[in-house]
Structures are given as structure tokens and as C-alpha cells.
Amino acid sequence: MSYHTLLGFSKEPFSTSPDPDFFYLTKEHDMALTSILIEIRLKRGLNVVFGDVGTGKTSLSRKLIQELKRRGNMIFHIILNPSFVDERQFLTSLVKNFNVDLPSHVDLSKEDILNLRDVIQKFLIEKAVTEKQTVVLVIDEAQKLNLSTLETLRILLNFETNEYKLLQLVLLGQVELYPKIMQMPNFLDRISFKYTLNPLDVQSTRELILYRVKQAGYNSAMPLFSDEAFSEIYSYTRGYPRKITMLCHQVLKELIMQNKSAVDREIVRDVIAKEQQFMQASGLGMTKEASPGVYKEKSFDN
Ligand SMILES: Nc1ncnc2c1ncn2[C@@H]1O[C@H](COP(=O)(O)OP(=O)(O)O)[C@@H](O)[C@H]1O
Ligand SMILES: [Mg+2]
């Protein structure tokens with residue numbers, strides 16, 4: 001039996017997948033999501049969200065897609081890994097993923113770049129102007145975009161009517177994206193909304209944990225975490241959502257192993273101590289402040 005069933009959950013509360021149903025709208029995430037949705041409605045073009053690893057960018061993008069699905073008249077596509085080798089590969093992927101209708105004589109692998117841009121422009125005019133739909137492209141891990149792809153995006157953002165942009169673009173990326181954009185003043189100028197996701201404060205950390213616990217089906221009247229447990233989790237994770245979810249996952253397993261009914265400060269401390277022992281034994285060495293997620297972060301790509 002899995003640990004979450006034992007604790008009375010119907011789903012795993014601290015899975016690391018970016019499930020929109022487990023996405024808690026903290027002040028920060030709410031501000032970003034609401035603003036992006038407004039910008040998209042106004043069709044102002046370019047939105048950029050920056051944030052460290054584990055601050056919730058991918059989760060935010062999934063939530064955004066869920067919201068776009070609920071609104072009608074939207075055509076959208078999300079790129080999870082924008083490592084395109086050249087402009088042709090990027091444009092070709094757009095044509096395929098937006099299901100652009102091509103005349104039978106067009107062979108994507110041989111087509112001239114200018115023709116490919118032209119195909120996309122015609123598609124955008126047809127969808128955004130003639131059919132009055134909103135076309136949205138979301139790019140996660142946007143720090144991986146190379147300068148040539150950014151330049152292509154800039155060109156796509158130039159397609160506009162007198163009133164609005166034909167393509168709505170949402171980039172979410174780690175802070176390395178910033179210097180790349182800085183090199184391109186013409187791109188920088190086009191940003192209509194930009195936002196940096198910061199780690200959560202102690203209150204939002206607590207709310208996020210309680211939200212996930214509730215969404216996972218916990219409905220006992222007895223609190224699952226003590227106040228001290230929350231502060232311990234916050235001081236160790238410094239409010240990074242990924243670290244919070246990873247730590248809480250371990251903490252609930254420890255709760256079962258210790259056969260207790262609620263998470264107290266000792267359980268959290270025990271998990272942290274075990275992590276640190278593991279780190280030392282495997283030569284990964286960590287400072288006391290670092291959290292269980294830190295050494296793994298670079299390998300996460302979702
Ligand atoms: N607002 C949130 N509510 C609930 N869980 C969140 C929230 N933001 C992030 N998480 C969780 O934190 C982890 C890391 O989030 P993720 O979106 O992958 O971060 P990033 O893409 O910035 O590295 C995931 O397990 C995700 O479910
Ligand atoms: Mg991510």
C-alpha cells in the first residue's frame with residue numbers, strides 16, 4: 001500500500017509533477033497568471049516570466065494552459081524544450097505543432113526560410129484576423145533559446161494589425177534568459193509584461209502545503225502538520241516550492257515509519273538529518289542551510 005493511501009489521501013499530495021490541480025495560487029503565482037491572461041486578452045504580444053529553478057515556472061505554464069483551454073477561441077501550443085539548432089527547425093516545428101495547412105507542393109525540409117516565415121504569417125493572419133482567434137505560444141525553459149530563435153520570435157512579434165499582435169508569446173525561463181534578452185534591444189522593447197517569481201514567504205509556504213494536502217483528499221479534522229513543523233520546513237527550504245514538495249514527501253514517509261499521526265518539528269528534523277547523512281556518505285557534502293532538493297536541481301527539467 002502506498003504511503004498516501006495509508007495516511008488517508010486519495011492521491012499523492014507531494015508529487016513533483018506540475019499538475020494544475022495541485023497548483024496553489026500564491027500571491028506571486030496569482031499575480032503572474034492573472035497579468036499574463038490579461039495581456040493575452042489584450043493581445044499585447046510578449047510576456048516573460050523569470051525565476052530560479054524550482055520556483056514554479058513549469059507549474060505556472062501548465063496552469064496557464066488549463067486556463068486557456070477553458071476560454072474559447074484560443075489556439076495554443078507549449079514548447080517544453082526550445083533547443084532548436086537553427087531557424088528552419090524552429091519554424092518547421094511551429095508549422096507542425098500549430099497544424100498549419102500547407103499547399104501540397106510545399107516540402108518543409110526544402111522550403112526557403114523566407115517562405116516558411118510567410119507560411120506562418122499567413123496562418124496568423126487567417127487565425128487571428130479573419131477567424132478572430134487568439135494564437136498563443138508558450139515556451140518553457142526559455143533560457144535555452146539561442147539568439148537565432150529569439151531573433152525569429154522577434155520577427156513573429158512584428159506581425160500585427162494596427163490594434164494588436166497576431167501572436168501572443170509567453171516565455172518562462174531561468175535568470176540566464178535575462179542577459180540574452182539584454183543583448184537584443186529590439187526584443188527587450190517588445191516585452192509587454194515581465195515578472196520574476198520569487199520564493200514564497202512563510203505564510204504562502206504553509207498555505208501551499210495545506211492546499212496540496214487538501215487537494216489530495218485529506219479531510220481529517222486533525223491537523224497533519226504542527227506550527228513548528230511548518231516553520232522548520234520553511235527555514236530549511238527557504239520557500240522554494242520544489243524543495244517544499246520534496247521535503248514534505250519525505251516527511252510524510254517518515255511520519256508513517258515513526259508511526260505517528262501528525263508531523264512535528266522532530267520528524268522534519270529527522271528527515272533533514274538523514275538527507276545530510278546521505279549527502280556526506282556519498283561525498284556530495286552540503287551546507288547546513290541547503291535543502292534536500294538542492295543537489296538534484298540541475299538534473300530536473302520538467
Ligand atoms: N504554486 C504552486 N503550488 C503548488 N505546488 C507548486 C507551486 N509551484 C511549484 N510547485 C511545485 O514545486 C515543484 C517545482 O515546480 P516547477 O514548476 O517544476 O518549478 P520550475 O519550473 O520553476 O523549476 C513542483 O513539484 C510543483 O508541483
Ligand atoms: Mg521548469
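A residue is classed as buried if 20 or more other C-beta atoms lie within 10 Å of its own, as exposed if 12 or fewer do, and as partly exposed in between, with C-beta atoms placed from the backbone. By this criterion, buried residues make up 37% of the 302 residues in the chain. The structure is a predicted model, in which local features need pLDDT of at least 70 and side-chain atom pairs count only at pLDDT 80 or more, whereas totals for chains, interfaces and linings use all residues. Residues are numbered from 1 along each chain as its sequence is written, and chains are lettered from A and ligands numbered from 1 in the order in which they are written.

The chain contains 12 helices and 5 strands, taken as DSSP runs (helices H or I, at least four residues; strands E, at least two) and numbered from the N terminus. Along the principal axes, its C-alpha atoms fill a box of roughly 70 × 40 × 35 Å. Two residues are in contact if their C-beta atoms, placed from the backbone, lie within 7 Å. Of the contacts with a separation of 6 or more, 78% join residues 24 or more positions apart.

An automatic or database domain assignment divides the chain into domain 1 (3-16 + 202-299) and domain 2 (27-197). The centres of the two domains, taken over C-alpha atoms, are separated by 35 Å. At the interface, 7 residues of domain 1 are in contact with 5 residues of domain 2. Helix α11 gives the most to the domain 1 side, with 3 residues.

A nonpolar core is defined as a set of buried Ala, Val, Leu, Ile, Met, Phe, Trp, Tyr and Cys residues joined through C-beta atoms within 7 Å. The largest such core has 40 residues, of which I120, V170 and L171 touch the most other members. Its largest share, 6 residues, comes from helix α5 (residues 113-130). Not counting residues up to four places away in sequence, I120 touches L91, L94, V95, V100 and L156. Another core, of 30 residues, lies apart from the largest one and includes L208, Y234, M246 and L255.
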